[in-house]
Amino acid sequence: MKKILILFSLFFIVIACNDDFLDVNPKDRVSETDVWTDPSLVSAYHNALYNGIPHGFSRHMISKYTDEAFSNGDNVQRNTFDADNIFSYRARQNYLYFWQRGYLYIRKINIFIEEMEDPQITLENVDVLIAEAKFVRAFINFELIRRYGGVPIIEKSYEIGEEINFERSSFDDCVAFINKDLEEAIAVLPKSHATTSADFGRGTQDACKALQSRMLLYAASPLFNTSDDMGKWQLAADAAEELLNAGYSLYPDYRQMFIQPSGSENSGLIFARNFSSTNSHQAPIINMNRRYGGYGGWGATNGPTQNLVDSYPMTNGELPFLDSEGENINPDAAYDPQNPYANRDSRLEATILHNGSVYRGDTMEMWISDDAATYGFDSFRQSGDNPRSNYVLKKFAPDEDVALSFQTPYTMPWVYFRLAEIYLNYAEAKFELGDEETCRQYINMVRARPSVATSPVDNNVSGEALRRVLYNERRVEFAFEGQRFFDMRRWKLDNEEFSTDLRGMEVIKNTSTGEIIYTPFVLGEREPFEDKMYLLPIHTDEILKSSGLLEQTDGW
């Protein structure tokens with residue numbers, strides 16, 4: 001049995017001079033006994049556990065590590081990350097590197113559960129508090145396994161100097177442990193909370209089931225289901241089916257869904273991280289262009305790519321190009337490369353600002369004159385905070401009724417689970433089980449919202465063509481929601497998909513005629529993607545501290 005000595009920081013500091021001193025309650029801090037017997041302190045500790053679930057509104061969104069956005073020189077996006085530089089992807093980098101953070105919060109949760117299971121604790125709703133803690137622990141463990149594969153399962157707290165087993169469990173064993181936490185939580189938690197309730201954002205039965213749906217879809221996917229076990233796809237289908245008729249409905253307005261403040265009514269949300277005026281975020285202004293005082297994603301590093309723009313279908317349901325490089329126009333798409341944003345799926349306009357977009361009464365001007373002497377107000381030549389791709393993230397940016405500034409406390413929630421994901425999870429599982437009719441049905445339900453209204457998938461779309469439609473539907477529907485990074489990996493897409501050049505759109509204005517010419521161009525090349533990169537490495541220091549007993553992720 002491989003074991004290492006783990007040193008944890010003390011939760012409480014005790015200074016001992018003599019036996020009498022130990023009987024005196026400290027005056028300048030809270031004693032351990034007081035914490036676990038005071039309902040207010042227990043509640044504060046318990047609420048803080050939810051901080052262990054990373055949300056996507058950090059300074060650097062996970063989109064920067066995919067083909068959704070261009071982040072010049074980023075190691076993960078360029079496929080140059082390794083077991084040393086991966087450590088820098090922590091708090092401000094959306095906790096892509098989650099190893100330390102994950103286990104820190106697992107220990108906090110384990111302490112909480114152990115204290116709450118003490119028979120001397122007489123607080124109300126202890127069973128609900130424990131169930132919520134198990135839901136959070138399940139979520140954190142899922143975040144670990146989708147990054148690293150099988151990880152050590154830690155289900156109790158340890159004292160300083162105590163020798164513990166820190167061996168990596170198999171991925172399937174981790175899934176079983178997470179599922180056990182979720183089933184135990186489901187048995188206690190309420191079914192759901194309305195989005196208008198102060199309790200929305202706490203663990204519920206439906207939040208647990210949504211996590212099961214996502215986790216079991218991952219477990220069935222090629223990266224983790226190497227034997228293509230159809231039983232795992234059936235489990236994924238069954239898990240999604242649990243929520244199909246659970247009282248939720250697709251929110252009709254795709255744009256408004258992401259700019260409503262926390263506490264708004266939304267029948268499509270299952271679980272989200274709420275914010276308030278005293279606990280807010282700055283995602284809209286950070287990702288806005290310089291016209292509004294924003295940074296384009298911090299130094300223009302979150303500008304949407306042409307790669308992503310090309311993935312939005314035409315209103316007739318056809319993709320504009322036959323290839324992922326944007327070189328071969330689809331003759332069935334009715335796509336005009338000199339009017340590239342016309343007749344497109346309306347989720348494009350809801351997500352991305354481009355040359356000619358109208359936002360807050362302003363028309364975006366990304367153009368540069370053909371003699372390079374003049375340029376539009378939103379051109380990268382105007383400011384280094386205007387993305388070089390000539391696209392700006394709009395998805396989370398509010399309308400005119402909310403000020404765009406760093407002084408505005410933005411409270412739109414970060415959505416973890418919504419009904420559209422459950423529909424597409426179900427569609428994917430049913431596709432893999434051979435039920436293409438149901439797959440098309442649920443894709444078409446997502447497309448049929450009034451704010452999308454893209455033509456349904458035709459009944460003659462089948463086999464690998466339907467798979468491509470399904471994968472692309474997730475890409476478009478969940479753009480900038482943190483799904484793309486992990487979807488590409490769990491599908492185990494070809495290495496070339498991760499190495500495709502990142503492209504932008506050159507916008508040139510004829511100085512004589514005023515005509516705009518659109519020309520896609522290469523923003524950045526990427527290094528070849530290697531198989532080991534489907535999963536993340538553990539930081540080298542963690543391996544060294546274990547004297548090599550903690551196994552590194554395969555290939556690293």
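## Exercises on helix packing and an aromatic pair

The structure, which is a predicted model, holds 37 aromatic pairs.

**Exercise 1.** Work out how the rings of Phe139 and Phe417 are arranged, and what their pair ties together.

*Solution.* Begin with the geometry: the centres of the two rings are 5.6 Å apart, and their planes make an angle of 35 degrees. Planes under 30 degrees apart would count as stacked and planes over 60 as edge-to-face, and the pair of Phe139 and Phe417 is accordingly classed as tilted. Next, place the residues: Phe139 belongs to helix H5 and Phe417 to strand E11 (residues 414–418), so the pair links parts that are 278 residues apart in sequence.

**Exercise 2.** Describe how helix H5 packs against helix H7.

*Solution.* Two packed helices are described by the angle between their axes and the distance between the axes. For H5 (residues 126–148) and H7 (residues 205–220), the angle is about 20 degrees and the axes lie 11 Å apart. Because angles under 35 degrees count as roughly parallel, H5 is roughly parallel to H7.

**Exercise 3.** Find which residues of H5 and H7 meet, and sort them by class.

*Solution.* On the side of H5, the residues in contact are Phe135, Ala138, Phe139, Phe142 and Arg146, while H7 contributes Ala207, Cys208, Leu211, Arg214, Met215 and Tyr218. Sorted by class, this contact of H5 with H7 consists of 9 nonpolar and 2 charged residues, with no polar ones.

**Exercise 4.** State where UniProt places the RagB/SusD domain, and describe that span.

*Solution.* The unreviewed UniProt entry places the domain at residues 269–556. The end C-alpha atoms of residues 269–556 lie 38 Å apart, and the span is 25% helix and 14% strand.

Conventions: Residues are numbered from 1 along each chain as its sequence is written. This is a predicted model: local features need pLDDT of at least 70, side-chain atom pairs count only at pLDDT 80 or more; totals for chains, interfaces and linings use all residues. Side-chain values use heavy atoms; hydrogens and water are left out. UniProt positions are given in the numbering used here, feature names are shortened, and annotations may be inferred rather than shown by experiment. Helices (H or I, at least four residues) and strands (E, at least two) are DSSP runs, numbered from the N terminus. Axes are lines fitted to C-alpha atoms, for helices over the stretch in contact, and angles run from 0 to 180 degrees between N-to-C directions. Angles under 35 degrees count as roughly parallel, over 145 as roughly antiparallel, 65 to 115 as roughly perpendicular and the rest as oblique. Contact means heavy atoms within 4.5 Å. Ala, Val, Leu, Ile, Met, Phe, Trp, Tyr, Cys and Pro count as nonpolar, Asp, Glu, Lys and Arg as charged, and the others, Gly among them, as polar. Rings of Phe, Tyr and Trp (its six-membered ring) pair if their centres lie within 6.5 Å; planes under 30 degrees apart count as stacked, over 60 as edge-to-face and the rest as tilted.
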